[in-house]
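Subject: Handover of a structure and of the findings on it

Dear colleague,

I am passing the structure below to you, together with an account of what was found in it. Please read the account with the structure open beside it.

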Amino acid sequence: MLAIPMKVARIYLRVSTDEQDLTRQAVIEDSTRQAGFYVAGVYREKASGARADRPELLRMIADLQPGEVVVAEKIDRISRLPLAEAEQLVGSIRAKGARLAVPGVVDLSELAAEADGVAKIVLESVQDMLLKLALQMARDDYDTRRERQRQGVQLAKAEGKYPGRIPDTTTHQRIIALRTANHTIARTAELAGCSKSQVKRIWAQHVAAVKE
């Protein structure tokens with residue numbers, strides 16, 4: 001009797017800020033298992049999709065094995081990068097022999113694998129086009145949100161109602177705690193889910209405040 005190959009998935013869960021909650025995305029784990037997949041790993045982080053240097057995303061890609069599936073809530077959870085960078089990111093996933101399973105992006109990979117000749121070329125081309133369209137739409141949404149935010153700030157400033165940027169005290173406290181525990185700048189940035197430049201800035205402010 002032939003053994004049925006196990007379907008293996010790795011789940012990527014991302015939110016942009018500490019104010020958002022990863023819990024709502026956890027339902028993806030249940031639906032993935034119900035779809036018959038073995039979940040080899042769940043990768044959670046709070047970071048902007050407009051960044052390519054997300055530690056958990058990079059760890060997931062490094063862990064990928066041929067034939068595995070990357071599951072995410074939406075394509076913008078994977079990327080809000082400019083199209084060329086987004087395609088490079090997806091290309092790194094495909095290079096590991098894995099594929100994406102994301103709502104809103106039609107997956108033609110299995111059909112393409114079974115086809116040959118012109119049909120295979122057409123299916124692969126359509127798949128690439130649909131993925132490129134989804135990635136560009138995710139970026140366009142990101143740009144639109146940023147532009148609206150910029151316009152809102154300008155309007156608030158004009159009306160004298162803009163209080164300035166509210167400090168992310170949770171991240172600041174985490175950075176200070178990690179650096180106090182002698183973690184390196186790189187490791188602190190990874191654990192705090194922020195950039196190295198932010199770690200340097202917050203730590204320098206903290207050190208200066210302590211000396212005062």
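Predicted model: local features only at pLDDT ≥ 70, side-chain atom pairs only at ≥ 80, totals over all residues.

Overall make-up

The protein contains nine helices and four strands. Followed along the sequence, these elements give the pattern β-α-β-α-β-α-α-β-α-α-α-α-α. The protein has 212 residues, of which 33% count as buried.

The four strands form an open sheet in the order S2-S1-S3-S4, and their pairing is parallel. Strand S2 (37-46) and strand S4 (99-101) stand at the edges; each has a single partner strand, so one side of each is left without a neighbour in the sheet. On average, neighbouring strands of this sheet are turned by 25° against each other, with direction ignored.

The pairings may be taken one at a time. S1 and S2 are joined in the parallel sense by nine bridges, and within this pairing Ile11 has Val42 in S2 as its bridge partner. S1 also runs parallel to S3, to which three bridges join it; here Arg10 is partnered by Val70 in S3. Strand S3 (residues 69-71) is in turn connected to S4 by three bridges, again in parallel, and Val71 has Ala101 in S4 as its bridge partner.

How far is S1 enclosed by the rest of the structure? Eight of its nine residues are buried, so S1 is largely enclosed. Helix H2 (residues 55-63) lies across strand S1 (7-15), as well as across S2 and S3, and runs at about 155° to S2.

Side chains beside the sheet

Two details concern charged side chains. Lys7 lies over the face of Phe37, at 4.5 Å from the ring centre. As for pairs between aromatic rings, the count is zero.

The second detail concerns Arg77, which is found in helix H3 (residues 75-78). Is this residue buried or exposed? With a relative accessibility of 6%, Arg77 counts as buried, because the limit for that class is under 20%. A polar atom of its side chain lies 2.7 Å from the backbone oxygen of Arg14.

Leu135 belongs to helix H6 (residues 117-158) and counts as buried, at 2% relative accessibility. Which residues does Leu135 contact, leaving aside its neighbours within four places in sequence? They are Ile75, Ser79, Leu83, Ala86, Glu87 and Val90. For one of these, Ser79, the separation from Leu135 is 56 residues in sequence and 7.1 Å in space, C-alpha to C-alpha.

Arg51 is placed in the loop between S2 and H2. This residue is partly exposed, with a relative accessible area of 31%. Not counting residues up to four places away in sequence, Arg51 touches Leu81 and Ser195. Arg51 and Ser195 are 144 residues apart along the chain, while their C-alpha atoms are separated by 9.7 Å.

Ala95 lies in helix H4 (residues 83-95). At 65% relative accessibility, Ala95 counts as exposed, since that class begins over 50%.

Finally, Asn182 is situated in the loop between helix H7 (169-180) and helix H8 (185-192).

In brief

The main points to keep in view are the open, parallel sheet in the order S2-S1-S3-S4, the largely enclosed strand S1, and the buried residues Arg77 and Leu135.

Yours sincerely

How values were computed. Residues numbered from 1 in each chain as written. Heavy atoms only, no water. Phe/Tyr/Trp six-rings, centres within 6.5 Å; stacked < 30°, edge-to-face > 60°. Lys NZ or Arg CZ within 6 Å of the ring centre and 35° of its normal. Pairing = 2+ DSSP bridges. Helix = DSSP H or I, 4+ residues; strand = E, 2+ residues; numbered from the N terminus. Axes fitted to C-alpha atoms, helices over the stretch in contact; angles between N-to-C directions. Contact = heavy atoms within 4.5 Å. Buried < 20%, exposed > 50% of the residue type's maximum accessible area, 1.4 Å probe, protein only. Polar contact = N/O pair within 3.5 Å; in protein donor to acceptor, adjacent residues only side chain to side chain.
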